[in-house]
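Subject: Handing over the structure

Hi,

Here is the structure I said I would pass on to you. Have a look around it, then read my notes below.

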Amino acid sequence: MKDSKYILVTGGAGYIGSHTVVELYENGFTPVIVDDFRNSHYSVIEGLEKITKTDIIYRKIDVCNFNAFENIFIEFSFVGIIHFAAYKAVGESVLEPIKYYRNNLDGLLNCLELAQIYKVHDIVFSSSCTVYGEPKGVNVVTENTSVQPANSPYGNTKQIGEEIINDVINSGAELKILKLRYFNPIGAHDTGLIGELPIGKPNNLLPYVTQTAIGTLEKLIVFGNDYPTHDGTCVRDYVHVCDVANAHVKGLEWLMKQNSNMTDTVNIGTGKGTSVLEIIHIFEKVSEQLLNWEFGNRREGDVPEIYADVTKAEQLLDWKANRNVKDAIFDAWNWELKRRNE
Ligand code: NAD
Ligand code: WQD
């Protein structure tokens, strides 16, 4: 379609990417997914087609393969890029650091180089709250809170990714790049047609909770009950994935109004902290069943308490989370139930 506003969405079949594809459609853009499905299923495309009632454009391409990736820039004239494609499992990155550095950095470098060659100026990059590490003396972090040494190779790929972007902009590149630091995205689309579908055993809390409740996993272990928090368990900023998705649309629209050669960084969270025990209690209420869980040891590298200051997101992007943790848990459970019944 000649007048389509094509947006390249790398990793668009993944968890956050797929929800962003829906938001893009709903806001008049035409997303083009590039994903090699190494951590996602083809069924995501079917779910997206049901929700959007459109044929989803997708290409199975490894973004680390420059020549293959270039083909998509030849095929489409993009007005923007959202770069999600990366590995994200903290523990795995400690065991297989080269795999993480190669995928997360090569993919980004190819993306930036091709964006320059094909003059696609507006780019949103998936960064993470992991860049804050264990913030010194504060639980709530602003974008100016100093970045701490990364406590995993994964975290380091996000820090280096941000530095690469800053260097590229400092070199005078005609790009505009927004780095979104997501906190803890949870939940699913309210249709229950797409959601978090990790391959293998989940690493994150919410899929662990729902898969335990459904019987796929036996028991949830709560990592530590002696943290200096109000109930002894860790506190995080859980944000609904559809709100995170919407932040990308707001981000792109904002970028399109900026002058060239700039980059900025924005936290994406709710600004509220929730403990692991609170998550369990909300889940039990929402699902009307008891969860099989017990306390275990602390998990190495866990920060006791961290949540976002979201003032900048509101002021700069006119974005704020519209859903709360209960909504997100309700949607995550609905998604899990729907999957079981398929
Ligand atoms: P995900 O694994 O569900 O999605 C990533 C997608 O990228 C997958 O579909 C995978 O197949 C694809 N992919 C990976 N490497 C690829 C490659 N070389 N070529 C083509 N496709 C490739 O992860 P997600 O949770 O949707 O995360 C998306 C982004 O957000 C990642 O960059 C992640 O680091 C970042 N992030 C995620 C979280 C979170 O908690 N989910 C928090 C902060 C930041
Ligand atoms: C949340 C809380 C655990 C599992 C990770 C990445 C971070 C970002 C978001 C990508 C913690 C506790 C968990 C379990 C538990 N991702 N927990 N039992 O660690 O805050 O952040 O995802 O960038 O970089 O590190 O999220 O979902 O793993 O854990 O008690 O079986 O749940 O200790 O307090 P985390 P999580």
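What follows is a short tour of what I found.

First, the ground rules: this is a predicted model, where local features need pLDDT of at least 70, side-chain atom pairs count only at pLDDT 80 or more, and totals for chains, interfaces and linings use all residues. Residues are numbered from 1 along each chain as its sequence is written, chains are lettered from A and ligands numbered from 1 in the order in which they are written, and side-chain values use heavy atoms, with hydrogens and water left out.

A few words you'll need right away. Helices (H or I, at least four residues) and strands (E, at least two) are DSSP runs, numbered from the N terminus. "Buried" means under 20% relative accessible area, "exposed" means over 50%, and "partly exposed" is in between (1.4 Å probe, protein chains only).

**Strand 1 and its partners**

Let's start with strand 1, residues 6-10, where 5 of the 5 residues are buried. Y6, L8 and T10 point one way, while I7 and V9 point the other way. Strand 1 pairs with strand 2 (residues 30-34) in the parallel sense over 5 bridges; two strands count as paired if DSSP finds at least two bridges between them. In that pairing, T10 sits opposite V34. To get from strand 1 to strand 2, the chain passes through helix 1 (residues 15-26), and this β-α-β crossover is right-handed. That label applies if, with the strands pointing away from the viewer, the path from the first strand over the helix to the second runs clockwise.

Strand 1 also has strand 4 (residues 78-83) as a parallel partner, again joined by 5 bridges. Here V9 faces I82.

**Two helices**

How much of helix 1 is buried? The count is 11 of its 12 residues, so helix 1 is largely enclosed by the rest of the structure. Among the buried ones are Y15, H19, E23 and Y25. The ends of helix 1 lie 18 Å apart, C-alpha to C-alpha, which agrees with the 16 Å its 12 residues should span at 1.5 Å a residue. The expected span is 1.5 Å times one less than the number of residues. After helix 1 comes G28, with a positive phi near 85 degrees.

Helix 5 (residues 97-117) has 21 residues and reaches 30 Å from its first C-alpha to its last, close to the expected 30 Å. Its buried residues include Y100, N104, L108 and L112. An α-helix has 3.6 residues a turn, so residues three or four places apart point the same way. The buried residues of helix 5 pack against several elements, including helix 3 (66-75), strand 4 and strand 5 (122-128). Contact here means heavy atoms within 4.5 Å. Just after helix 5, K119 has a positive phi of about 55 degrees.

**Positive phi in loops**

K53 is not a glycine, yet its phi is positive, near 55 degrees. You'll find K53 in the loop between helix 2 (43-52) and strand 3 (57-59), and it is exposed at 74% relative accessibility. N261 is another non-glycine with a positive phi, about 65 degrees. It belongs to the loop between helix 8 (241-255) and strand 12 (262-268). Is N261 exposed or partly exposed? At 33% relative accessibility, it counts as partly exposed.

**T274**

T274 is in strand 13 (residues 274-275) and is buried, with a relative accessible area of 8%. T274 and D237 are 37 residues apart in sequence, but their C-alpha atoms are 6.3 Å apart in space. Leaving aside neighbours within four places in sequence, the contacts of T274 include C234, Y238 and V325.

**Ligand 2**

Finally, which residues are closest to ligand 2? They are S128, Y154, I221, R236 and D302, out of 20 that surround it; a residue counts as near if one of its heavy atoms lies within 4 Å. A backbone N or O atom of I221 is 2.7 Å from a nitrogen atom of ligand 2. A polar side-chain atom of R299 lies 2.8 Å from an oxygen atom of the ligand, and a side-chain N or O atom of N184 lies 3.0 Å from an oxygen atom of it.

Enjoy exploring!

Technical notes:
Polar contact = N/O pair within 3.5 Å; in protein donor to acceptor, adjacent residues only side chain to side chain.
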